[in-house]
Amino acid sequence: MSLLFLSLLFTLSCHSQADLIGDTCKKTLYPDLCISTLRSNPSSAVADVKGLVRIMFYATAVKATATLNQVNVLLKKTNDVVLIECLENCASEYASALNEIFTANKNVGSDIFAVKGVAADLVVETQDCEDTFADGPYKRKSPLTAENDVLGDLAGLVIEIVDSLG
């Protein structure tokens with residue numbers, strides 16, 4: 001009898017957590033990205049909404065790190081002075097963003113306005129990186145558009161989930 005009760009309790013707990021992720025993500029602009037990002041992290045199974053914000057920030061940091069690594073690879077492969085300048089600007093934006101993300105993630109439970117500010121700054125920084133390629137007399141296609149778009153979307157999700165905290 002007690003085994004049946006424990007099994008039922010575990011099932012209800014898992015279902016409740018799945019509902020938290022689903023309920024939280026369905027209120028966002030990118031529910032599929034939100035759900036897949038949160039569910040890809042095993043700790044989301046027991047997280048509250050603040051925990052979901054931390055997980056989303058972690059995913060954002062992972063993506064920013066991967067993009068910064070890609071920028072560094074591209075810098076090593078080119079001799080194009082204009083491209084180097086654009087990529088160095090993006091590297092600076094991403095390095096700054098990573099420092100801010102790690103600081104903000106520590107503040108999720110205490111300073112929600114700072115957390116939202118960092119996420120909003122990240123959205124701007126990804127756009128600034130894109131604009132570096134589009135502005136000026138030497139316009140060119142950004143090799144980072146896909147990465148910047150995803151990172152901006154992840155940062156936007158952080159903002160939306162933080163907003164759900166009330």
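The model is predicted: local features need pLDDT of at least 70, side-chain atom pairs count only at pLDDT 80 or more, and totals for chains, interfaces and linings use all residues. Residues are numbered from 1 along each chain as its sequence is written, and side-chain values use heavy atoms, with hydrogens and water left out.

**Cysteines**

A disulfide is taken as a pair of cysteine sulfur atoms within 2.5 Å; by this rule the count comes to two. With the bonded cysteines numbered in sequence order, the pairing is 1-2, 3-4.

| Disulfide | S to S distance | Torsion about the S-S bond | Handedness |
|---|---|---|---|
| Cys-25 and Cys-34 | 2.0 Å | about -65° | left-handed |
| Cys-90 and Cys-129 | 2.0 Å | about 100° | right-handed |

Helices are DSSP runs of H or I with at least four residues, numbered from the N terminus.

Buried means under 20% relative accessible area, exposed over 50%, and partly exposed in between, with a 1.4 Å probe and protein chains only. Cys-25 is buried at 0%, and Cys-34 is buried at 0%. Cys-90 is buried at 0% relative accessibility, and Cys-129 is buried at 0%.

Cys-86 is buried, with a relative accessible area of 5%.

**Helix H5**

Gly-136, with a positive phi near 85°, follows H5.

**Nonpolar core**

A nonpolar core is a set of buried Ala, Val, Leu, Ile, Met, Phe, Trp, Tyr and Cys residues joined through side-chain atoms within 4.5 Å. The largest has 41 residues, and Leu-38, Val-53, Met-56, Phe-57, Phe-133 and Val-158 have the most contacts inside it. Two or more residues each come from helix H1 (2–25), helix H2 (31–39), H3, H4, H5 and H6.

Contact means heavy atoms within 4.5 Å. Leaving aside neighbours within four places in sequence, Phe-57 is in contact with residues including Ile-101, Val-115, Val-118, Ala-119 and Val-158.
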